[in-house]
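These notebook entries record what I looked up, entry by entry. The coordinates and sequence are placed first for reference.

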Amino acid sequence: MNRTYFIHEFLLTSKNKRTIPFLLFIGVLLISYCFLLVPNRETKETFHPEEINDYLTELEVEQDQRMKSGNTGIILMTGDPVFARNDYNHGLFSALLNSYEDRNFLRYLHLRAYYLESDPSVHMQDENLFKYSPYPGKDREHLYHQTMLRYEDYLMNDCHITEALLFEKTGIQSLQTFLHTYGFYFFLFCAVYFSSDILSRDRTHRTVLQGLPMSWYRQLNLKTLAVFSYTLLILITVLLTGFFVLSSQFGFGNFNLHVPIMTAQNTFSIEEYGVISMVKFIGLSLAALPLLVFLLIRINVILSLLLKNEWLVLLFGTFVIFSERLYDARTTRDILGIDISYFPQTYFDFGKIVTGEKNFLLNTETITLAKGVIVLLIASAIIETVLFVLSRVVTKRRLYQSR
């Protein structure tokens, strides 16, 4: 009976009239991500040959004028001649441009890493970088350290340097970026959407439901298991499809790569950074996915018992996902005297927990991987208790006979 009911609910979810359009929407998002967003994604390290050519032309004109006038100029901060600095920059950027055009990306990487190491102001003093951040200087320095750790990793691991690897577009790097940015919000919204009508869709089958020789709580559990399995199947399919499509365009990438992490929050210097393997980051991040998906589905079951309308359930379920945004202002570290590390929604964006990014953003050290797992497990236990009690109050008969 359990197996039959599970299969019935699984097929009902997959053939739901609300599911098919949403799957098409996911398909459009996937195509857009693979063929538009990633190929055209730009970062601080994106190389623009046209801009470099214009810069070199301007330098040549300036140098000619200084040669004719005999005025070398003085850099006030250091006392060095401007002419010598311009000559150095012309040689360096010409080498960068030539190595890029020759597709010699290993040479390009050496030159770029040397340039950034010798002149951190490229990041630190770029006013267009994190323009709207409340802490632009802190964020620029953070990005600088991450970039230098990434470049050091490429060189120490003796990777085959390609353009896609250099600009983080390979399959494995794109997966890491997705999990570290908005990937988990996408996962959780899918869980909320697929489970938003988990109870309301059965209103047209009241008589059949009343005759099932199965307890109401068990039915809720099997419904949850069916939607949970279907959601994970869809998410795994999307991840694998995106990974292989991007890999076919830009290559798989190197599985020996490392991901920069932050280990402390005291001086914000390079000593407070470290690395973990790319495989470990992806493994730890995805290990939390089943727990988070299950948690959101059980919340939706509770909402369905209380609200009895799939659109209201979808609305409130979505609000739960993004509820952290109500206090995620990078200055809030406690709510009503309770540290935010004790709220489960703090850990919804789990990729940032693994790398310590959440601690960096909120300037705290209380948000840890171990605490995240414990908080989510406790939240699941509380939700399970609430659901068990509520299922005794809002019975099957009471739910489906109320309009």
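With which residues is A113 in contact, leaving aside its neighbours within four places in sequence? I found M148 and Y151, taking contact to mean heavy atoms within 4.5 Å.

**Basis of the entries**

I worked from a predicted model, in which local features need pLDDT of at least 70 and side-chain atom pairs count only at pLDDT 80 or more, while totals for chains, interfaces and linings use all residues. Residues are numbered from 1 along each chain as its sequence is written, and side-chain values use heavy atoms, with hydrogens and water left out.

**Entry: A113**

I placed A113 in helix α5 (residues 105–118). Helices (H or I, at least four residues) and strands (E, at least two) are DSSP runs, numbered from the N terminus. A113 has a relative accessible area of 10% and is therefore buried. For burial I used these limits: buried is under 20% relative accessible area, exposed is over 50%, and partly exposed is in between (1.4 Å probe, protein chains only). I also looked up the C-alpha separation of A113 and E152, which is 8.0 Å for residues 39 apart along the chain.

**Entry: S195**

S195 belongs to helix α10 (residues 183–195). Its relative accessibility is 0%, so S195 counts as buried. Not counting residues up to four places away in sequence, I listed V227, I297, N300 and S304 as the residues that S195 touches.

**Entry: salt bridges**

How many salt bridges does a search of the whole structure find? I recorded twelve, a salt bridge being a side-chain nitrogen of Lys or Arg within 4 Å of a carboxyl oxygen of Asp or Glu.

I looked at R18 and D197, whose closest N and O atoms are 3.5 Å apart in a salt bridge. This pair links distant parts of the chain, 179 residues apart: R18 is in the loop between α1 (2–14) and α2 (19–40), and D197 is in the loop between α10 and α11 (206–210). Both R18 and D197 are buried.

E62 and R66 form a salt bridge at 3.2 Å, N to O. Both lie in helix α3 (residues 49–69), four residues apart, about one turn of the helix. An α-helix has 3.6 residues a turn, so residues three or four places apart point the same way. I noted E62 as partly exposed because its relative accessible area is 27%, whereas R66, at 18% relative accessibility, counts as buried.

K352 and D349 are joined by a salt bridge at 3.1 Å, N to O. K352 is buried at 15%, and D349 is buried at 2%. Separately, I found that salt bridges with shared partners join E9, R201 and K223 into one network.

**Entry: nonpolar cores**

I took a nonpolar core as a set of buried Ala, Val, Leu, Ile, Met, Phe, Trp, Tyr and Cys residues joined through side-chain atoms within 4.5 Å. The largest has 102 residues, and L166, F187, F194, L305 and F350 touch the most other members. Helix α12 (residues 216–250) gives the most to this core, with 13 residues. Outside four places in sequence, F187 touches F178, L179, L235, L239 and L289. A second, separate core of six residues includes M262, F268, Y273 and L361.

**Entry: helix α9**

Why is helix α9 (residues 171–180) largely enclosed by the rest of the structure? I counted it so because ten of its ten residues are buried.

**Entry: the largest pocket**

I read the space of the largest pocket as about 1,200 Å³. On a 1 Å grid over the protein atoms alone, a pocket is an open set of points with protein on both sides within 12 Å along at least five of seven lines, a cavity is a set where a 1.4 Å probe fits but cannot get out, and lining residues have an atom within 4 Å of a point. Grid points are joined across faces, edges and corners, and a volume is the space filled by probe spheres set on the points.

The largest pocket is lined by 40 residues, with L143, Q146, H180, T181 and E357 nearest its centre. Helix α7 supplies the largest share of this lining, seven residues.

**Entry: the largest cavity**

I found one cavity of 30 Å³ or more. About 40 Å³ of space lies in the largest cavity, and its lining includes S304, K308 and Y400. Both α15 (310–321) and α19 (396–400) supply at least two residues of that lining.
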